[in-house]
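Q: Hi! Could you walk me through this one? I'd like the overall picture and then the sheet.

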Amino acid sequence: LASRAAGRTGTLELGIRPEHIVLGPPSGGVPAAIDFVEDHGRFRITSARIGEHAIKIKLGADAPVAAGEECRVGLPPERVRIYEGGRSVAPVREEIP
């Protein structure tokens, strides 16, 4: 991600779709706090925080997660988009599996 953001001078934002965030990655990840879990039958939408930043995570219906829990989340670099001034920058050139 750092190489894709290099040379940018404005405020950058990261974007990732909720279904691409990995709950409890096998290694690494960043700490997150689960605020709320919405059950939608075949899947769950989890509202969480990474520091002060709110995120949504789409999980399977049987995902073992509950409000108030601390966890780790993975943000696969190939799925993260970078925005500057509301516009997408540094498009991903790698092939996504």
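A: Happy to. A residue is called buried under 20% relative accessible area, exposed over 50% and partly exposed in between, with a 1.4 Å probe and protein chains only. By that cut-off, 29% of the chain's 97 residues are buried. This is a predicted model, where local features need pLDDT of at least 70, side-chain atom pairs count only at pLDDT 80 or more, and totals for chains, interfaces and linings use all residues. Residues are numbered from 1 along each chain as its sequence is written, and side-chain values use heavy atoms, without hydrogens and water.

Q: Thanks! How many helices and strands are in the chain?
A: One helix and eight strands, in the sequence pattern α-β-β-β-β-β-β-β-β. Both are DSSP runs numbered from the N terminus: helices are H or I with at least four residues, strands E with at least two.

Q: And what's the strand order in the open sheet?
A: The five strands go β2-β6-β3-β4-β5, paired antiparallel. Pairing here requires at least two DSSP bridges between two strands.

Q: Why is one side of β2 and of β5 left without a neighbour in the sheet?
A: β2 (22–23) and β5 (53–60) are at the edges with a single partner strand each, so one side of each has no neighbour in the sheet.

Q: What joins β2 to β6?
A: Two bridges, with β6 covering residues 70–74 and the two strands running antiparallel. V22 has G74 in β6 as its bridge partner.

Q: Switching topic, what does the C-alpha trace span?
A: About 40 × 30 × 25 Å along its principal axes.
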